[in-house]
Amino acid sequence: MTTCSVPSGNEIIRISSGIPGLDPMIEGGFPFPAVIMVAGTAGVGKTTFALKYLSEGARRGEQGLYFTTLSEPTQWMLRYASQFKFIDPEMFGDKIIYSDLGAMIRDIEPADLLNIMEEKIAEVMPQRIVIDPISVIGSMMRGNYRAFLFDMANRLKNWNATTVVTGEVLPGELYPSDLGYAVDGIILLLMAEEEGARRKYLEVLKMRGTDHMTGKQSIDINRNDGIVVLKSRF
Amino acid sequence: MNEQDESLMRYIVASLGENTSGPVLFDVNSTQFVRVNLVILKGLLLEKKLNGLFISVDRPHQYMVHLMRMHQIGLERLMFLDAIGRFSADNKICNAGASFVDAPFHIDTLPAAINSMGDDKLNLNSCGFAMIDNLAAMLPYNSFGSVQAFLKMFVEVMTSRGNTIVPLVVDSERCGPLYQAAKSLAVKEIDCRGEAIARATSNSGATRAVEIRKISETRFAAGGR
């Protein structure tokens, strides 16, 4: 009987995060399929992270789906996003589909929102999904938000995609605790005031099935690459 | 489905040709399994108008049902055998013809389960195709040797009574040994990796000459392994 040598096919499939310096911290990339939470306070780079993740997929021929919960029209999102050199506006509408959930999430039942999202996923068949930000849904939804998060995380994986959900937190809060148990990975984007300057860091708090690097790593946000883990430069 | 998917379907149907039966190996990137499975199903159900069996191992069958409904692929000709649904505690609801086996740990029981499906669910004599979503998903629950033995038994069961096509979707880069095991049984090998798809689906979606590396057209028909 033949034995299955490495790669046996039993290893976790990984896809590149698109964030320079992050993949080496997590054994080559995000597990596929999986749900990864990127948490941080306002202005720390969560949406930039999400856009770079989708752009990287588009560059590799993978289909992306961007759910926004902010009711922000595509043109406004693109107006800011296009300041990054990695953004190709022609990706939007083709390799990255933009879907606005903002108008639907007020007073919606969890099952109905899940159905709306699944209809879009079934239509687009993405390998990469972003929900940005997830926290808004919790503040507007009727019914059991925790049950919604559990069902959502389970179903997103069965749709054969790796989903990045962004979670907004208040200063001093690490991540939205009601989502932490349901996701496969947690990445913190942190801001700290040191010697009179605000410095930004990235920390991998959880990545299931992955021997990930621990501890805070300095990051930079620039127009060429979006978020860059600085440690990888040295 | 977008135009590229439609082109991929035409590419696959053209690659299969008129008279192919037996195991056909599809080389597919793991991240594209669901998309390519749907495309294969559409080609076999709608273009070739075959009846078929779809065995779910990687995710409950409800997800493929949902995809098929979304993309207007009728379910009348398809029977599901779900090996993961009762194991996953998923509450997604669908309405399609399905049988269940308890868990994906004992794949040696799957051929018997197929044989025991009544004619009202699956008539093996008229079963035009049988596919699994997906072979590699069996590996976390079973040894490689068990999967290899299952594969051989599955192909024998499905092809013993008719001209059944058995699409085997495997990622050659991610699981070389499984790919080779499938290749040793296959009568055709169809490259569905990114570059091959791009080549085959360019030229405004027209079907172009396809890259089929015929392993042995006659070997399977002759019963040789």
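In which loop of chain A is A:Pro133 found? A:Pro133 is found in the loop between β6 (128-132) and α4 (135-140) of chain A, where helices (H or I, at least four residues) and strands (E, at least two) are DSSP runs, numbered from the N terminus. The structure is a predicted model, in which local features need pLDDT of at least 70 and side-chain atom pairs count only at pLDDT 80 or more, while totals for chains, interfaces and linings use all residues. Residues are numbered from 1 along each chain as its sequence is written, and chains are lettered from A and ligands numbered from 1 in the order in which they are written.

The peptide bond that leads from A:Asp132 into A:Pro133 is cis, with omega near -15 degrees. In chain B, a cis peptide bond joins B:Asp133 and B:Asn134, with omega about -10 degrees, and B:Asn134 lies in the loop between β5 (129-133) and α6 of that chain.

Helix α6 (residues 144-159) of chain B packs with helix α7 (residues 176-183) of chain B at an angle of about 20 degrees, their axes being 10 Å apart. That angle makes α6(B) roughly parallel to α7(B), given that angles under 35 degrees count as roughly parallel, over 145 as roughly antiparallel, 65 to 115 as roughly perpendicular and the rest as oblique. The axes are lines fitted to C-alpha atoms, for helices over the stretch in contact, and the angles run from 0 to 180 degrees between N-to-C directions. On the side of α6(B), the contact is made by B:Phe144, B:Val147, B:Gln148 and B:Leu151, and on the side of α7(B) by B:Pro177, B:Leu178, B:Ala181 and B:Ala182; two residues are in contact if their C-beta atoms, placed from the backbone, lie within 7 Å. Sorted by class, this contact of α6(B) with α7(B) has seven nonpolar, one polar and no charged residues, where Ala, Val, Leu, Ile, Met, Phe, Trp, Tyr, Cys and Pro count as nonpolar, Asp, Glu, Lys and Arg as charged, and the others, Gly among them, as polar.

In chain A, strand β8 (residues 185-194) runs parallel to strand β3 (residues 34-40), to which five bridges join it, and A:Val38 stands opposite A:Ile187 in β8(A). Strands are taken to pair if DSSP finds at least two bridges between them. Ten bridges join β8(A) to strand β9 (residues 197-207) of chain A, and these two strands run antiparallel; the bridge partner of A:Glu193 in β9(A) is A:Arg198. β8(A) and β9(A) form a hairpin with two residues between them, and A:Glu195 in the turn has a positive phi of about 50 degrees.

A positive phi is also found at A:Glu27, a residue other than glycine, with a value near 60 degrees. A:Glu27 has its place in the loop between β1 (13-15) and β2 (30-32) of chain A and counts as partly exposed, with 17 C-beta neighbours inside 10 Å. A residue is buried if 20 or more other C-beta atoms lie within 10 Å of its own, exposed if 12 or fewer, and partly exposed in between, the C-beta atoms being placed from the backbone. A:Met125, in the loop between α3 (110-124) and β6 of chain A, has a positive phi of about 50 degrees although it is not a glycine, and A:Met125 counts as buried, with 22 C-beta neighbours inside 10 Å.

Leaving aside neighbours within four places in sequence, B:Val34 is in contact with A:Met125 and A:Asn160. B:Val34 has its place in helix α2 (residues 33-47) of chain B and is buried, with 22 other C-beta atoms within 10 Å.
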